[in-house]
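Load the model in your viewer and colour it by secondary structure. The stops below say what to select next and what is there.

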Amino acid sequence: MTRGDAATGRTPRAMPLVELHQHVDGSIPPRVLWELLRTFSLHPVETYEEMERRLVLQEVEEGSLLAYLDKFHYPLWITQFYENIQDVAESIVRAAWANGVETLELRYSPVIHTYGGLTVRQSIRAVLSGINRVVRDHPTLRCGLVVIAMRQHGPHIAKILARQTIGEAEHLHDRCGAVGFDIAGPERGNPPKLFREAFEVARLGGLGITAHAGEDAGSDYVWQAVEDLGAQRIGHGCSAITDRELMARLARDRVLVECCPTSNFQTGAVGKDARHPVFAFREAGVPVALCTDNTTVSNTTLAQETEWFVREYGAGGRDAAAAIHETASRHSFLGRTAPGGLVS
Ligand SMILES: [Zn+2]
């Protein structure tokens with residue numbers, strides 16, 4: 001067992017959990033968001049219970065990525081101000097720590113948090129400040145930020161954002177910093193190859209490269225993420241399992257797929273009764289991580305996603321899950337010291 005933390009009421013876990021794919025806006029504890037809305041006299045709905053229904057994906061809303069993305073609507077009302085962003089980031093990291101997460105890469109799109117006048121750098125610093133508050137209390141927690149360029153903002157904004165992100169890179173500061181670069185948002189019509197220059201900038205700046213691909217689009221988008229963007233990890237990648245050659249490539253180059261089971265069933269990336277791709281990836285020798293995507297929208301925790309995997313796997317599931325988290329730890333972007341590669 002890992003050590004417990006009686007002072008924080010932390011639940012001891014049998015295996016160290018490694019979270020590589022969790023979004024800030026979709027992971028704000030509903031109570032925290034509700035209280036912040038009330039602080040600013042914002043009452044979009046009458047009761048907390050109704051607010052919770054708006055923030056957590058309901059069964060009738062399952063099956064569409066766009067319905068899923070609509071859940072990010074209310075958080076953006078309040079995450080436009082430095083202190084609020086700092087507070088929500090802190091609450092997310094504290095919740096993850098209490099839940100047994102030892103390594104945490106949060107991800108966040110700074111540009112959609114600048115409508116109140118923050119600069120992109122301030123928007124990034126606000127999240128990092130919240131993260132650092134928790135790490136000061138729990139120094140063994142490994143934590144960093146993956147910065148997301150939104151596909152719908154286009155390749156030029158992505159390139160500008162990559163430059164700004166480098167200024168907050170972990171290896172340039174004596175505190176938690178930005179460790180990776182990503183693209184997210186509506187996939188179809190916004191192919192990864194358009195973002196090649198932004199990712200080149202990020203790579204030269206020492207950031208790890210991941211990309212949401214193959215969640216709502218075909219395996220050709222995953223190919224592009226690997227070949228054009230140099231992705232070391234893929235977010236979701238569900239459609240890759242239809243392409244045998246791609247699977248071999250992901251296995252050969254040790255490109256890790258960040259699998260988010262609950263989210264994938266909810267967005268329709270994986271059919272309700274289909275076998276989740278995490279199993280096909282493992283069988284093909286592709287490294288995988290188990291991730292939550294959004295703990296609030298998907299109403300889950302990393303411990304729950306891990307338990308789901310153990311149940312679905314059957315005999316030996318717990319050992320397999322522990323091995324997945326170990327693999328995820330090795331593929332984390334945390335701990336890079338300079339452009340050009342990992343420390344070890
Ligand atoms: Zn995601």
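This is a predicted model: local features need pLDDT of at least 70, side-chain atom pairs count only at pLDDT 80 or more; totals for chains, interfaces and linings use all residues.

Which residues of helix 6 are buried? Val120, Ser123, Ile124, Arg125, Ala126, Val127, Leu128, Gly130, Ile131, Asn132 and Val134 are buried. The cover over these residues includes helix 5 (82-98), strand 2 (101-108), strand 3 (142-150), helix 7 (154-166) and strand 4 (178-184).

**Val134**

Stay in helix 6, which covers residues 120-137, and pick Val134. Val134 counts as buried because 22 other C-beta atoms lie within 10 Å, and the cut-off for that label is 20 or more. Leaving aside residues up to four places away in sequence, Val134 touches Glu90, Val93, Arg94, Trp97 and Leu141. For a distance across the model, draw a line from the C-alpha of Val134 to that of Gly167: the two are 33 residues apart along the chain and separated by 22 Å.

**The whole chain**

The secondary structure comes to 14 helices and eight strands. Along the principal axes, the C-alpha atoms fill a box of roughly 55 × 45 × 40 Å. Of the 344 residues, 49% count as buried. Among contacts with a separation of 6 or more, 71% are between residues 24 or more positions apart.

Now colour by pLDDT. The chain averages 92, and 94% of the residues score at least 70. Two stretches to pick out are residues 1-8 and residues 340-344. Over residues 1-8 pLDDT stays under 50, and the model has 10 contacts beyond four places in sequence for them. Over residues 340-344 pLDDT also stays under 50, with five such contacts.

Next, select strand 6 (residues 233-236) and strand 7 (residues 256-259), which run parallel and are joined by three bridges. Gly235 has Glu258 in strand 7 as its bridge partner.

Select strand 4. Seven of its seven residues are buried. On one side, six bridges join strand 3 to strand 4, and the two run parallel; Ile148 has Asp182 in strand 4 as its bridge partner. Strand 4 is also joined to strand 5, again in parallel, by two bridges. Phe181 stands opposite Ile209 in strand 5.

Move to strand 5 and show its side chains. Which residues point one way, and which the other way? Gly208, Thr210 and His212 point one way, while Ile209, Ala211 and Ala213 point the other way. In a regular strand the side chains alternate between the two faces of the sheet. Here both sets are buried, which accounts for six of six residues in strand 5.

**Phe195**

The last stop is the loop between strand 4 and helix 8 (196-204), where Phe195 is found. Is Phe195 buried or exposed? With 25 C-beta neighbours inside 10 Å, Phe195 counts as buried. Not counting residues up to four places away in sequence, Phe195 touches Ala149, Pro155, Ala158, Ile183 and Leu229. To finish, draw a line from the C-alpha of Phe195 to that of Gly268: they are 73 residues apart along the chain and separated by 25 Å.

Methods. Residues are numbered from 1 along each chain as its sequence is written. pLDDT is the predictor's confidence in each residue, from 0 to 100. Two residues are in contact if their C-beta atoms, placed from the backbone, lie within 7 Å. Helices (H or I, at least four residues) and strands (E, at least two) are DSSP runs, numbered from the N terminus. A residue is buried if 20 or more other C-beta atoms lie within 10 Å of its own, exposed if 12 or fewer, and partly exposed in between; C-beta atoms are placed from the backbone. Two strands pair if DSSP finds at least two bridges between them.
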